[in-house]
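Here is a short report for a first look at a protein chain. Keep the 3D view open while you read.

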Amino acid sequence: MKIDLTDTTASKINGALVQGRRAIGTPAVGMVLTMVIVTDEENAYDSIKAAEEASREHPSRTLVVIKRHARTLRDRTHSRLDAEVRVGSESGTGETVVLRTYGEVSDHADSVVLPLLLPDAPVVVWWPVDAPVNPAQDPLGALAQRRITDLYAVERPLDVLQTRVHSYAPGDTDLAWTRLTLWRSMLAAALDQAREKVTSAAVEAEAENPSAELLARWLEARLNVQADRLVSAGPLVTAVRLGTDNGEIIIDRPDGPLATMSLPGQPSRTLALKVRPTSELIAEELRRLDADEMYAVALRGEGIKESA
């Protein structure tokens, strides 16, 4: 069921949510969090679709904030809030409210969102594009226990990554880091099997890939070695090589969903290592809402060459 509201208020939106739930016979129970998506019109469809797919694992109220650019003098001087309220089959397993803000209300989107948050439930804010320089200091980010950005959506990801080093606050994370979960799990498993001291490391990826940089920093911090950054044809991260006194530990994924793991003195094996869709990345982030300490370690490169 979808209800369109023009020039509305937060109280009327709450009323429409109640109306929609009554119409489909579904009470407001079972939702475990509020997800706030801050995006633009161009990226709204894909973001909403990813959130709805993730809601099958984490039923939630999704609030989509779209700040509309002023085209006329009236748009610049007249504050207005339009909304689409979606419940039932229109919104996955939760509720979705698309908020379009005009004029001064765009500068105070937090005052619109605050009355629509589920009571006593965690809040997650996701910026698919155009994330603030300091997510924790952003008015919407300040409402959240978890703040999700995506370095793949910026023009100069490595420059922006460096600014995140200084703006990081507990609760911040980035999908460039989430994309590395399978890589990190495989590397940990390889090191457990090899039982070798790592003396060198190299990460191969397409140029300017933020996941590769985070992975290299994580290896440096955890293994206390210098990790080389090598450029490959991609896509994304294509290989990690860890040098030991008895040979190299290699995980190689030149393309496709499969990777090859090679350990010193052992036969190579094929492993699944697919590129996951955004919905799976968001679902993973919603499984834990405490601070991601390993992301902070990778971001800052803590522990690199402590003996130097």
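## A strand with two neighbours

In strand 3, Thr-34 has Arg-61 as its bridge partner. This is a predicted model: local features need pLDDT of at least 70, side-chain atom pairs count only at pLDDT 80 or more, and totals for chains, interfaces and linings use all residues. Residues are numbered from 1 along each chain as its sequence is written, and side-chain values use heavy atoms, with hydrogens and water left out.

Strand 2 (residues 33-39) and strand 3 run parallel, joined by seven bridges. Two strands pair if DSSP finds at least two bridges between them. Strand 2 also runs parallel to strand 6 (residues 123-126), with four bridges joining them. There, Thr-34 stands opposite Val-123. Strands of a sheet pair through backbone hydrogen bonds, either parallel or antiparallel. Strand 3 covers residues 60-67, and seven of its eight residues are buried. Buried means under 20% relative accessible area, exposed over 50%, and partly exposed in between (1.4 Å probe, protein chains only).

## The whole chain

The chain has 10 helices and 14 strands. Helices (H or I, at least four residues) and strands (E, at least two) are DSSP runs, numbered from the N terminus. Along its principal axes, the C-alpha trace spans about 70 × 40 × 35 Å.

Of the 308 residues, 52% count as buried. Take the contacts with a separation of 6 or more: residues 24 or more positions apart account for 70% of them. Contact means heavy atoms within 4.5 Å.

Eight strands form an open sheet with mixed pairing, in the order 1-4-5-3-2-6-7-8. Strand 1 (2-5) and strand 8 (172-174) stand at the edges. Each has a single partner strand, so one side of each is left without a neighbour in the sheet. Direction ignored, neighbouring strands of this sheet are turned by 15° against each other on average. Axes are lines fitted to C-alpha atoms, for helices over the stretch in contact, and angles run from 0 to 180 degrees between N-to-C directions.

Helix 2 (residues 41-54) packs on this sheet. Helix 2 touches strand 2, strand 3, strand 4 (80-87), strand 5 (95-102) and strand 6. The direction of helix 2 makes about 160° with that of strand 2.

Strand 11 (residues 237-244) and strand 12 (residues 247-252) pair in the antiparallel sense over six bridges. Thr-244 stands opposite Gly-247 in strand 12.

## Helix against helix

The axes of helix 7 and helix 8 come within 12 Å and cross at roughly 30°. Arg-184, Leu-187 and Leu-191 of helix 7 make the contact with Leu-215, Trp-218, Leu-219 and Leu-223 of helix 8.

Helix 5 (residues 157-167) and helix 8 (residues 210-223) have axes that come within 9 Å and cross at roughly 45°. The two are therefore oblique to each other. By definition, angles under 35 degrees count as roughly parallel, over 145 as roughly antiparallel, 65 to 115 as roughly perpendicular and the rest as oblique. In helix 5, Pro-157, Leu-158, Leu-161, Gln-162 and Val-165 meet Pro-210, Glu-213, Leu-214 and Arg-217 in helix 8.

## One residue up close

Is Met-186 buried or exposed? Met-186 is buried, with a relative accessible area of 12%. Met-186 is found in helix 7. Not counting residues up to four places away in sequence, Met-186 touches Ile-251, Met-261, Leu-271, Ala-272 and Leu-273. Met-186 and Asp-110 are 76 residues apart in sequence, and 40 Å apart in space, C-alpha to C-alpha.
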